[in-house]
Amino acid sequence: MKVRVEENRRLSADFQRMRVEWPGALPEPLPGQFVMVRTRSSTDPLWRRPFGVHDFSRRGGSASAALLYQVVGPTTRDLAATAAGESIDLLGPFGSGFDLRGKEHWLVAGGRGVAPLFFLARRLIEGVRSLRAMIGGCTESHVMQVEELREIGCPTEVATEDGSLGRRGMVTDLLAGGLEGISDERRKDIVVSACGPEGMLRRVSGLASAYAVAARLSLDTLMACGQGYCQGCTVKTRSGYSLCCREGPVFDAEVLSW
Ligand SMILES: Cc1cc2nc3c(=O)[nH]c(=O)nc-3n(C[C@H](O)[C@H](O)[C@H](O)COP(=O)(O)OP(=O)(O)OC[C@H]3O[C@@H](n4cnc5c(N)ncnc54)[C@H](O)[C@@H]3O)c2cc1C
Ligand code: FES
């Protein structure tokens, strides 16, 4: 479906945020769901590419959604070159969302993983849930949406591997420190929602298991069709294989078999 681009703004050397109109014919997205985007009619790339819904809002009778993307290849280069008023081809929303239940939510993002977590933060704040965010990246220009998270009322800590912003180290160091410093009783009320590179998600999963907290992980698996047809996005779970696009991309950490 062709959707009109309302705004496309550069945030850093390789990150951009695009706002598109959300047609009434599409279901309203949930935090954690993704859309499949095509920018070319040629066969390179052959398949659409998945992008998490970064934000969603309604004003009057119209709605719009935002995508936050890192420019890494042909589709994201095309997105970066699309001007307001032009259109992109988008299908969705697909997949499972994050869990909005739970007393206290900790959001952990690495790099572009902040994309779906910002939408989750907005919904949790609307539901008056207690939350905090930990955002990490290799360097300052890969740490996005920190001020925006604080502006909507989400306390946000930052870590960068090179120490250019926030604490020097991994975002999972922030998570480990936070979990270490609280009581077993409080840990029972916490839900960790995380999105980022696989190594980061594995560490989040290990910490969640060590401290007995619930964790929901959004996986960045390579996808082709995005709708359960091609079997190209299998994820190993403790009970066999699941399709990331249909059963995920958000999974309970404890069901995944790394
Ligand atoms: C559910 C889901 C949600 C996503 N949401 C976002 C988002 O909100 N913002 C965002 O910037 N990106 C997101 N991604 C990743 C995005 O879909 C890829 O970066 C996409 O391939 C970019 O397309 P491209 O044509 O620009 O580059 P491509 O040519 O497809 O990719 C460029 C390079 O990145 C590698 N690559 C692509 N995808 C992956 C991957 N999953 N894991 C490891 N390497 C990969 C390719 O092998 C290639 O070398 C998401 C992925 C998934 C599965
Ligand atoms: S991407 Fe085709 S089945 Fe998941």
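Predicted model: local features only at pLDDT ≥ 70, side-chain atom pairs only at ≥ 80, totals over all residues.
Residues are numbered from 1 along each chain as its sequence is written, while chains are lettered from A and ligands numbered from 1 in the order in which they are written.

Seven strands make an open sheet with mixed pairing, in the order β11-β10-β9-β8-β12-β13-β16. (Strands are DSSP runs of E, at least two residues; helices are runs of H or I, at least four; both are numbered from the N terminus. Strands pair if DSSP finds at least two bridges between them.) β11 (167–168) and β16 (250–252) are the edges, each with a single partner strand, so one side of each has no neighbour in the sheet. β16 runs antiparallel to β13 (residues 214–218), joined by three bridges, and Leu-217 stands opposite Phe-251 in β16.

Touching means C-beta atoms, placed from the backbone, within 7 Å; angles, from 0 to 180 degrees, are between N-to-C directions of lines fitted to C-alpha atoms, for helices over the stretch in contact.

| Helix | Strands touched | Angle |
|---|---|---|
| α2 (residues 114–126) | β8 (104–110), β9 (130–137), β12 (190–195), β13 | about 160 degrees with β8 |
| α4 (residues 171–180) | β8, β9, β10 (156–160), β11 | about 145 degrees with β9 |

The domain assignment (automatic or from a database) gives domain 1 (2–94) and domain 2 (104–220). Their C-alpha centres lie 24 Å apart. Domain 1 puts 14 residues into the contact and domain 2 puts in 13 residues. On the domain 1 side, β6 (62–70) and β5 (55–59) each give two or more residues, with β6 giving the most, three residues.

Notes:
Contact = placed C-beta atoms within 7 Å.
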